[in-house]
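Visitor: I am new to this structure and would like to learn how to read it. Could we take it one feature at a time?

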Amino acid sequence: MNLTLDRKAAVLFALVAVLYIGTGFVQSWNTALSILNMGLISAIMALGVNIQWGYAGLFNVGVMGFTALGGLAAVLVASDPVEGAWSATGGWQILLALLMGGATIAAAITLWGKLQGHKLRGVIVASVLIVGFFVFRAVFDPAVATVEAINPALTGNIGGLGLPIILAWPVGGVLAAGAAWIIGKTALGLRSDYLAIATLGVAEIIIYILKNEDWLARGVKNVIGLPRPVPYEVDLQANATFVDAMQNFGADPVTASSITVKLSYAILFSVVLIALIWLTQRALNSPWGRMIRAIRDNETSAAAMGKNVTARHLQIFILGSAVCGLAGAMMTTLDSQLVPSTYQPLRFTFLIWVMVIVGGSGNNLGAVLGGFLIWWLWIQVEPLGLLLLQGITAGMAEGWLKAHLMDAAAHMRLLTMGLILLLVLRFSPRGLLPER
Amino acid sequence: MDFLNAIIALLNFVIVPATAYGAQLALGALGVTLIYGILRFSNFAHGDTMAFGTMITILATWGLQSLGVTAGPLPTALIALPLGIAATAALAVGTDKLVYRFYRQTKAKPVIFVIASIGVMFVMNGIVRFVIGVGDQNFADGTRFLISARDFREVTGLDEGLAIRTTQAITVAVAILAVVALFWFLNKTRTGKSMRAFSDNEDLALLSGINPERVVFITWLIVAALATTAGVLYGLDKSFKPFTYFQLLLPIFAAAIVGGLGNPLGAILGGFLIAYSEIAVTYAFRKVVGYLGPEGWSPEGMLQLLSTDYKFAVSFTILLIVLLFKPTGIMKGKSV
């Protein structure tokens, strides 16, 4: 049984490899590598969702939020420090305000527990929250104004630490894990579709915060030009050794430089992906993994065996979200910029879900396969759709309808993804590579 | 102290817009809650169902306008609405036959239905973008204002104007009609009673000879009508943009859950609660408080609790509070 499944996996991975290599031959190696890089990141995100859904049956549709937090980590770790932002009335005061806000909420929660049965419990807790909110705003608002006034055209935010961007990857994971802890603490006790709505909402709020809190990561003014972990194309082209080597090889130095950069990214990402696959496989096949699956398959009996279901769910939720945050930091590294308005739930949450369902929930390799396959399709459906519509409209007279259809080709991808999800869910509900 | 002007300012900027928005949310939440009650899953495709119905209505409106047919002072879209409802009903029933029925027959877990509805959401979203594009469409015509701010000022002699747009008045009127019709149907007709029975206790309903497929069929018809009406009213009041409709999913779900999933009365209550809090928390009360204070005095700052960009956060916070402290909602809903 295992052997046939391994063979099936090998065949399917080979087929996906053919898709990518075919792209290299038909279109260009630059395109193929671009798709591959995002494919690697998508595979990591799918792995994160698979940890939550496949191992534990947690329905998280807030992937976008965790991804964006990873992106925020990249900005906070790697962008250049802003001079004067961390003054006593600026950055530190913001931090103080945030701590006070957190303390207010913590106090409210403690009071709520302490005052059990007290007549005025609601009133007291509400007044603590209201007073805390106004104090928070009184400290927070002037500090934000101070920070945002510093050279607003270029910075106007608290800036970063100026550290190598690779360090941002684990930090992105930690940031996402922290958010997941808060969400998990409040929402994991709810039933599956309530958890879904809760995570959907939190993800939207994270994006709104990124868009509107200019002091944090410049909001919709975007952060561009983040440092890279790999060399720049222009530097390679200016490097005599590189140009000579490429010319001896018979390659055009300009194309070769951009391929080298993309390959370097691909290698970095592959290392992370392989490490994660190894870790998740080990975890899944350990006693811990068996316990998690036992909980998923029958919560009541697992609880009767003395397993702490809530604690395990929280753990899984944090782990999966951390993986998504890591992938988000990697994505921002690849793009070298953080553009909050590009985060859309269809692309960053639901597409990842299509990957996991199509690939095979509960199977790490399946999720990775789904990541590569669906990402390739997501990119290629557009040119393929255009080709298809060109075929359909070839006989049509030039006019309004033809122009409209050609414009609409861009929207083929949503339709295709939905159809793929529905077909797989209907006819092969366990995905391409089912759980063993 | 200037009470009258303060009240008018409050009416103009908070109460009137929030009432219209609340009516739209309530209609949307009614659709979500009916599906939850009868089919027992949270329909993620609801926002896109609204978008689809609105799109058909817009196309029909354009068709009518090009034929020279208008509704006079009322928006033409009201004439086109039945066509939009019919098309959406056909789509909803077709989707049920193609997608959801299979999972009903295999008695799949609710979460599988939700994932299927995500697939449906993708497809519907794709169709809408394919046909009408992603841009903003403004399709309101007819008289713009029922009462314009200037007329109001001239008639009453107050400093503050009160404007009520035709679309706002229509929204509330249509919503009341739709809700009355729905409740009459659910409480007085045989089919409506069988739907409620099915929602209360499926096994018992089946034993008493209620045909489940018929109940589901009728449910989709009603949901399509509610979703299209909600979508068209929202589009008339603001404007139509596919992505906005997708985002409406969050306040609509919040309204349905806050009111108690599966409870129609709760959905209406939830819709208005969410709408009033969203607008009240993000409105700058400077003007209103200024009127209430002594002559010539004006408060420092905007007196705005949160910037308007966070209005979704407001609905979400209310949702979270209700989920934590009263998971079945204000009016008792169900949890599967």
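Visitor: Is Ser336(A) buried, partly exposed or exposed?

Guide: This is a predicted model, and the answer comes from counting neighbours. A residue is buried if 20 or more other C-beta atoms lie within 10 Å of its own, and exposed if 12 or fewer do. Ser336(A) has 16 C-beta neighbours inside 10 Å, so Ser336(A) counts as partly exposed.

Visitor: Where does Ser336(A) lie?

Guide: Ser336(A) is in the loop that runs between α14 (309-335) and α15 (345-359) of chain A. Its phi is near 60°, a positive value in a residue other than glycine.

Visitor: Which value does phi take at Arg218(A)?

Guide: Phi of Arg218(A) is near 65°, which is positive although the residue is not glycine. Arg218(A) is found in the loop between α8 (214-217) and α9 (233-238) of chain A.

Visitor: Is Arg218(A) buried or exposed?

Guide: Apply the count again. Arg218(A) has 24 other C-beta atoms within 10 Å, so Arg218(A) is buried.

Visitor: How many residues does each chain give to the contact?

Guide: Begin with the two sides. Chain B gives 34 residues and chain A gives 32 residues. On the side of chain B that touches chain A, the elements that supply two or more residues are α3 (77-105), α4 (110-132), α11 (249-259) and α14 (311-325) of chain B.

Conventions: Residues are numbered from 1 along each chain as its sequence is written. Chains are lettered from A and ligands numbered from 1 in the order in which they are written. This is a predicted model: local features need pLDDT of at least 70, side-chain atom pairs count only at pLDDT 80 or more; totals for chains, interfaces and linings use all residues. Two residues are in contact if their C-beta atoms, placed from the backbone, lie within 7 Å. Helices (H or I, at least four residues) and strands (E, at least two) are DSSP runs, numbered from the N terminus.
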